[in-house]
Amino acid sequence: MPNPKRKHTRSRRDSRRAQNWTLDLPSFVPCSNSSCGKMRPSHRVCPHCGFYGDRVVVAPKPAKKKGEEGGGAGPEASGEEAS
Ligand SMILES: [Zn+2]
């Protein structure tokens with residue numbers, strides 16, 4: 001069983017763990033619904049109009065209700081439906 005020859009220092013261990021501590025923002029794309037056009041996370045149902053691809057797959061939820069959202073969409077606070 002191969003073992004490391006020497007113990008790595010705390011500094012070396014911590015600098016290794018510090019390489020990828022930042023989280024990436026999810027990429028946002030404009031909604032494919034031409035009448036919506038809001039930004040949504042890619043590969044997610046649009047939280048504003050329920051579009052995915054070229055059709056409505058989830059009924060758009062009412063403004064105040066905290067409804068079920070398919071696909072585990074994140075908490076979107078300030079996006080309100082205007083039309
Ligand atoms: Zn949309």
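The model is predicted. Mean pLDDT for the chain is 78. A value of 70 or more is reached by 72% of the residues.

Read from the N terminus, the order is α-β-β-β-β. The chain has 83 residues, and 10% of them are buried. Contacts were also sorted by separation along the sequence. Of the contacts with a separation of 6 or more, 19% join residues 24 or more positions apart.

The largest nonpolar core has five residues. Its members are C31, V45, C46, C49 and F51. In soluble globular proteins, nonpolar side chains tend to be buried together. With neighbours within four places in sequence left aside, C46 is in contact with C31 and F51, among others. The list for C46 also includes N33, C36, K38, R40 and Y52.

Two histidines lie in the loop between β2 and β3. Strand β2 covers residues 39–41, and β3 covers residues 51–52. H48 is buried, because 21 other C-beta atoms lie within 10 Å and the cut-off for a buried residue is 20 or more. H43 is exposed, because it has 10 C-beta neighbours inside 10 Å and the cut-off for an exposed residue is 12 or fewer. The backbone at H43 also stands out. H43 is not a glycine, yet its phi is positive, at about 60°. Eleven residues separate H48 and A59 in sequence, and their C-alpha atoms are 9.7 Å apart in space.

S27 sits in the loop between α1 and β1, the latter spanning residues 28–30. S27 counts as exposed because 8 other C-beta atoms lie within 10 Å. S27 and P41 are 14 residues apart in sequence. Their C-alpha atoms are 5.8 Å apart in space. S34 belongs to the loop between β1 and β2. S34 is likewise exposed, because 8 other C-beta atoms lie within 10 Å of its own. Along the chain, S34 and D54 are 20 residues apart. A distance of 9.8 Å separates their C-alpha atoms.

Notes
Residues numbered from 1 in each chain as written. Predicted model: local features only at pLDDT ≥ 70, side-chain atom pairs only at ≥ 80, totals over all residues. Core = buried A, V, L, I, M, F, W, Y, C linked by C-beta atoms within 7 Å. Contact = placed C-beta atoms within 7 Å. pLDDT = per-residue confidence, 0-100. Helix = DSSP H or I, 4+ residues; strand = E, 2+ residues; numbered from the N terminus.
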